[in-house]
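Hello,

Here is the structure I promised to pass on. Please have a look, then read my notes below.

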Amino acid sequence: MCGRFVQTPIRDAASPGFPQLVGDLLSLPASYNLAPTQRAAVLLDRGDGLQVQRLAWGLLPFWAKAKSLQGSTINARIETVATKPAFRSAFKARRCLIPMAGYYEWSVNPDDGKKDPWFIHAATPLWAAGLWEDSSKLLGDDNLGTFTVITGDSSGVSADIHDRMPVWLNPGQAEEWMKADADGAMAMLLASEPPAMEAYRVSRAVNTPRNNTEQLLEAVA
């Protein structure tokens with residue numbers, strides 16, 4: 001799964017093919033320990049072109065009766081995203097990309113049995129495939145909606161730490177990803193090739209969501 005991730009300003013936003021979003025991506029608020037239910041920047045299209053909006057992490061479909069559902073909808077498995085009731089409507093029509101500077105996964109320390117977080121990242125920003133829903137009456141009046149991160153089998157360095165990871169897309173695929181029909185979107189997910197990534201162990205301070213400073217990205221021995 002993907003349970004925490006990092007967002008920082010994207011300083012070369014024109015390179016991924018979003019010249020119209022340079023200002024928005026450059027002004028992304030830095031967050032070094034984004035946790036479920038918190039708001040994060042999401043790239044989506046509401047019908048009038050690509051835009052960046054801050055949505056709450058944990059997708060709430062229109063029929064949701066309680067916001068506690070967010071605890072089980074932060075990730076959507078590629079194997080069931082097209083059929084699971086919580087996700088199938090959004091998969092047909094409301095897809096997005098979530099920019100990440102990296103994300104965290106955990107391994108169990110053999111010495112004390114506690115969980116050690118690892119920061120997994122690439123040389124350039126990562127773009128996770130996701131789904132979004134419109135504003136929810138279960139959240140505050142100022143909410144713009146909710147989102148989920150699509151996950152699949154891990155590969156590369158991530159596979160040494162956890163068996164799942166986000167499905168990564170090329171930012172140049174953004175418009176195609178959002179406009180494709182369901183079959184075309186699934187084909188894009190299945191053809192995804194993750195970039196080369198690196199991983200190193202970081203402080204257990206990551207385990208507490210209220211800790212959110214750049215120092216969390218420092219490697220520990």
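The radius of gyration fits a compact globule: 221 residues would give a value near 17 Å, and the chain has 17 Å. Keep in mind that this is a predicted model. Along its principal axes, the C-alpha trace spans about 50 × 40 × 35 Å.

Overall make-up next. The chain has four helices and 12 strands. Of its 221 residues, 48% count as buried. Take the contacts between residues at least 6 apart in sequence: 66% of these join residues at least 24 apart.

Now strand S6, residues 95–100. How many of its residues are buried? Six of six, so the strand is mostly covered, given that buried means under 20% relative accessible area. Both faces share in this. Arg95, Leu97 and Pro99 point one way, Cys96, Ile98 and Met100 point the other way, and all are buried. Note that Arg95 is in the buried set.

Which strand pairs with S6? The partner is S9, residues 126–133. The two run in the antiparallel sense, and six bridges join them. Within that pairing, methionine 100 stands opposite leucine 126 of S9.

Two loop residues are worth a look.

Leucine 60 sits in the loop between strand S4 (50–57) and strand S5 (75–77). Is leucine 60 buried or exposed? Its relative accessible area is 2%, so leucine 60 counts as buried. Its contacts, leaving aside neighbours within four places in sequence, include Ala66, Lys67, Leu69 and Gln70. Glu133, Ser136, Leu138, Leu139 and Thr146 are also in contact with leucine 60. Tryptophan 118 is 58 residues from leucine 60 along the chain, and their C-alpha atoms are separated by 29 Å.

Threonine 37 is in the loop between strand S2 (31–34) and strand S3 (39–45). Its phi is near 80 degrees, a positive value in a residue other than glycine. The relative accessibility of threonine 37 is 47%, so this residue counts as partly exposed. The cut-off for exposed is over 50%.

Best wishes

Methods
Residues numbered from 1 in each chain as written. Predicted model: local features only at pLDDT ≥ 70, side-chain atom pairs only at ≥ 80, totals over all residues. Heavy atoms only, no water. Buried < 20%, exposed > 50% of the residue type's maximum accessible area, 1.4 Å probe, protein only. Pairing = 2+ DSSP bridges. Rg over C-alpha atoms; globule rule 2.2 N^0.38 Å. Contact = heavy atoms within 4.5 Å.
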